[in-house]
Amino acid sequence: MALVACLFSLFSTSISLVGRKEGTKHLIGVTHKPPIIVDPVTSTYVFPTAAPSTTDCIWIFPQHIKDYQTIAYNHTLIRFSNQQTFEIDMSLASFNNQIARTSMLHMKFSQKMRMMESNFPSMNMFFPPATIAAETRRYYNTMILENDDPTDSDQ
């Protein structure tokens, strides 16, 4: 039951940054420059470019990154989906590591939620059951023969 409480605390809007860091530590074991779940319902994650306690820390939302590349020693240029670019004082290897950590956090959180929802089906908040379909019909006949009149209701 502690796992359930920990997972639900990750997406409570009243949880502090410290609490979210603890959630990341619990899921993937990262304590230094941890990525954070901002909103798991919309899959919003963020990661820091430096230690969050420093003034030069910048928080990056990876879902808005279009492309990134190294431009100098320990400098990475990020192009966002709105075409704006931003240069950060971080090596490409460190940036890739932060992207990988964020991806791992997303994957582990999704796995835990699927496990929890399979154990508690009434709590399906993120992943609807795969067996429920919008319609009961298994297939559609998409071939219309030349002699068939689609407006004829006698068939």
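Hi everyone. Before the tour, one definition: a helix here is a DSSP run of H or I with at least four residues, a strand is a run of E with at least two, and both are numbered from the N terminus. With that in hand, the protein reads α-α-β-β-β-β-β-β-α along its sequence. That gives 3 helices and 6 strands. Please keep in mind that this is a predicted model.

Let me start with the whole protein. It has 155 residues, and 28% of them count as buried. The accessible surface comes to about 10,600 Å², with 54% of that belonging to carbon and sulfur atoms. As for contacts, if we take those between residues at least 6 apart in sequence, 33% join residues at least 24 apart.

Now to the sheet. Which is it here? The pairing is antiparallel, in an open sheet of 3 strands ordered β1-β2-β3. The edges are β1, residues 36-39, and β3, residues 59-60; each has a single partner strand, so one side of each is left without a neighbour in the sheet. If you'd like to follow the pairing of β1 with β2 on screen, look for 3 bridges between these antiparallel strands. To pick out a residue pair, find Ile36, whose bridge partner in β2 is Val46.

What about the helices around this sheet? Helix α2, residues 17-28, lies across β1 and β3, and runs at about 120 degrees to β1. Helix α3 also packs on the sheet, where it touches β1 and β2, and its direction makes about 145 degrees with that of β2.

That brings me to the aromatic residues. How many aromatic pairs does a search of the whole structure find? The answer is 2. One of them is formed by Phe47 and Phe95: the pair is edge-to-face, at 5.5 Å centre to centre, with 70 degrees between the planes.

Are they buried or exposed? Phe47 is buried, and Phe95 is buried as well. Finally, Tyr68 joins the picture: ring pairs link Phe47, Tyr68 and Phe95 into a cluster.

Key:
Residues numbered from 1 in each chain as written. Predicted model: local features only at pLDDT ≥ 70, side-chain atom pairs only at ≥ 80, totals over all residues. Heavy atoms only, no water. Phe/Tyr/Trp six-rings, centres within 6.5 Å; stacked < 30°, edge-to-face > 60°. Buried < 20%, exposed > 50% of the residue type's maximum accessible area, 1.4 Å probe, protein only. Contact = heavy atoms within 4.5 Å. Areas by Shrake-Rupley, 256 points an atom, 1.4 Å probe, with all protein chains shown as cover. Pairing = 2+ DSSP bridges. Axes fitted to C-alpha atoms, helices over the stretch in contact; angles between N-to-C directions.
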